[in-house]
Amino acid sequence: MSDIILIHKKNNKSKFNEFSKKIMSSGTRSYCLSKIKKDFLIESLETADYLFVNMFKTQIRGFAAVYHDNYDGKHLHISLICNSKTHRMGTRKNKNIPKLAGKNIIDAVLKYGKKIKVKDVRLDAIKEVIPYYYNLGFRFENSQNNTENEKILIKELQDAYNNNNKPAQKKA
């Protein structure tokens with residue numbers, strides 16, 4: 001069974017600490033594909049008010065470290081979200097068991113934000129995933145709602161990332 005669980009630091013400090021330690025011990029390689037430094041992982045977990053944890057059976061598959069941001073209104077802020085890559089191949093053990101992804105974690109944060117009536121949900125992102133979050137409806141905070149400029153920036157980021165990650169070719 002796959003599920004996103006919410007752990008509130010203030011209401012369940014021992015469970016919050018237990019999951020934080022498990023996430024820290026696995027490091028950034030397991031969940032964040034080695035794109036995040038361990039120091040940032042630790043800082044994000046220490047400053048979080050909530051953990052949204054993607055569980056598959058008894059394993060942690062991903063998480064989001066979220067805190068309250070009260071600057072200019074009440075917001076939830078995702079300081080770090082990571083989810084391990086999963087293969088979609090069905091086996092006898094996991095046949096017909098859905099595996100949740102990072103989008104499901106974001107959906108859980110958005111749903112909780114509506115429940116506690118926050119103004120919006122904000123997030124930090126590394127350059128490789130900005131186009132993904134943009135497609136989910138997140139926008140640049142200081143863009144003055146200029147969607148044409150945002151689209152150009154997103155396209156440039158995608159192109160730059162794709163060009164930097166092409167395999168090297170050797171001429172025959």
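This is a predicted model: local features need pLDDT of at least 70, side-chain atom pairs count only at pLDDT 80 or more; totals for chains, interfaces and linings use all residues.
Local features need pLDDT of at least 70 and side-chain atom pairs count only at pLDDT 80 or more, while totals for chains, interfaces and linings use all residues. Residues are numbered from 1 along each chain as its sequence is written, and side-chain values use heavy atoms, with hydrogens and water left out.

The secondary structure comes to 5 helices and 5 strands, where helices (H or I, at least four residues) and strands (E, at least two) are DSSP runs numbered from the N terminus. From the N terminus on, the order of elements is β-α-α-β-β-β-α-β-α-α. Of the 172 residues in the protein, 36% are buried; buried means under 20% relative accessible area, exposed over 50%, and partly exposed in between, with a 1.4 Å probe and protein chains only. The protein exposes about 11,600 Å², of which carbon and sulfur atoms supply 50%; accessible areas come from the Shrake-Rupley method with a 1.4 Å probe, and for residues only the protein chains shown count as cover. Among contacts (heavy atoms within 4.5 Å) between residues at least 6 apart in sequence, 58% join residues at least 24 apart.

Confidence is given as pLDDT, the predictor's confidence in each residue, from 0 to 100. Its mean over the protein is 76, and 65% of the residues reach 70 or more. Among the elements, S2 has the highest mean pLDDT (92) and helix H5 (residues 147-164) the lowest (59).

Strand S4 (residues 75-83) has 9 of its 9 residues buried, so it is largely enclosed by the rest of the structure. Strand S3 (residues 59-69) pairs with S4 in the antiparallel sense over 8 bridges; two strands pair if DSSP finds at least two bridges between them. Glycine 62 stands opposite asparagine 83 in S4. S3 and S4 form a hairpin with 5 residues between them, and aspartate 72 in the turn has a positive phi of about 55 degrees. S4 is also joined to strand S5 (residues 120-123) by 4 bridges, and these two strands run parallel. Here leucine 76 stands opposite valine 121 in S5.

In helix H1 (residues 13-32) lies serine 20, which counts as buried at 5% relative accessibility. Not counting residues up to four places away in sequence, serine 20 touches Leu45 and Leu51.

The structure holds 3 aromatic pairs. Rings of Phe, Tyr and Trp (its six-membered ring) pair if their centres lie within 6.5 Å; planes under 30 degrees apart count as stacked, over 60 as edge-to-face and the rest as tilted. Tyrosine 50 and phenylalanine 52 form a tilted pair, 6.4 Å centre to centre with 50 degrees between the planes. The rings of tyrosine 50 and tyrosine 112 have their centres 5.1 Å apart and their planes at 65 degrees, so this pair is edge-to-face. The latter pair links distant parts of the chain, with tyrosine 50 in strand S2 (residues 50-56) and tyrosine 112 in helix H3 (residues 102-115), 62 residues apart.
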